[in-house]
Amino acid sequence: MLIIDDRKGRKFAYELGLTIIGTVGIIVDAKLTGIIPSVGPIPAKMRTTNFRFTERPELLILQKLVSSACVKKGVLL
């Protein structure tokens with residue numbers, strides 16, 4: 001597994017057949033596995049860094065959490 005956020009790097013890794021995950025995916029996995037109790041304060045902390053987003057991080061995290069919850073329940077989005 002490769003942890004990467006860079007768009008070009010992700011594309012290249014995907015072409016190589018690597019399993020990839022980004023920062024938002026790590027956050028969501030940490031929440032779903034109970035490593036962190038809440039994702040609430042994380043987007044605000046991320047904004048204080050030089051991390052660049054294509055979308056609002058809280059929306060990305062929420063979308064992934066909802067999607068994961070639906071998969072667990074067998075609901076198709």
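Which residues is Phe51 in contact with, leaving aside its neighbours within four places in sequence? In this predicted model, the contacts of Phe51 beyond that range are with Asp5, Thr23 and Met46, where contact means heavy atoms within 4.5 Å. Local features are reported at a pLDDT of at least 70 and side-chain atom pairs at pLDDT 80 or more, whereas totals for chains, interfaces and linings use all residues. Residues are numbered from 1 along each chain as its sequence is written, and side-chain values use heavy atoms, with hydrogens and water left out.

The protein contains four helices and two strands, arranged from the N terminus in the order β-α-β-α-α-α. These elements are DSSP runs numbered from the N terminus, with helices (H or I) of at least four residues and strands (E) of at least two. The predictor's confidence in each residue, pLDDT, is given from 0 to 100. The average pLDDT of the protein is 78, and 83% of the residues score at least 70. Confidence is highest in helix α1, at a mean of 88, and lowest in helix α4 (residues 57-73), at 71.

Of the 77 residues in the protein, 25% are buried; here buried means under 20% relative accessible area, exposed means over 50%, and partly exposed lies in between (1.4 Å probe, protein chains only). The accessible surface comes to about 6,000 Å², and carbon and sulfur atoms contribute 61% of this surface. Among contacts with a separation of 6 or more, 29% involve residues 24 or more positions apart.

Helix α1 spans residues 7-15, and at its start a side-chain oxygen of Asp6 comes within 3.4 Å of the backbone nitrogen of Lys8. With a relative accessibility of 42%, Leu18 is classed as partly exposed. Residues up to four places away in sequence aside, Leu18 touches Leu2 and Ala13. The C-alpha atoms of Leu18 and Met1 are separated by 6.5 Å, although these residues are 17 residues apart along the chain. Leu18 also belongs to a nonpolar surface patch with Phe12 and Leu16, which together have about 320 Å² of accessible area.

In helix α2 (residues 23-32), the buried residues include Val24, Gly25, Ile27, Val28 and Ala30. An α-helix has 3.6 residues a turn, so residues three or four places apart point the same way. Just after α2, a positive phi of about 85° is found at Gly34.

Helix α3 covers residues 42-47 and includes Ala44, which is partly exposed with a relative accessible area of 43%. Ala44 and Glu58 are 14 residues apart in sequence, with a C-alpha to C-alpha distance of 8.6 Å. Phe51 is located in the loop between α3 and α4 and is partly exposed at 26% relative accessibility. Between Phe51 and Asp5, which are 46 residues apart along the chain, the C-alpha separation is 9.5 Å.

Terms used: A polar contact is a pair of N or O atoms within 3.5 Å; within protein, one must be able to donate a hydrogen and the other to accept it, and residues adjacent in sequence count only if both atoms are side-chain atoms. Patches are made of residues with over 30% relative accessible area and no salt bridge: like charges are joined within 9 Å, nonpolar side chains (Val, Leu, Ile, Met, Phe, Trp, Tyr) within 5 Å. Accessible areas come from the Shrake-Rupley method with a 1.4 Å probe; for residues, only the protein chains shown count as cover. A salt bridge is a side-chain nitrogen of Lys or Arg within 4 Å of a carboxyl oxygen of Asp or Glu.
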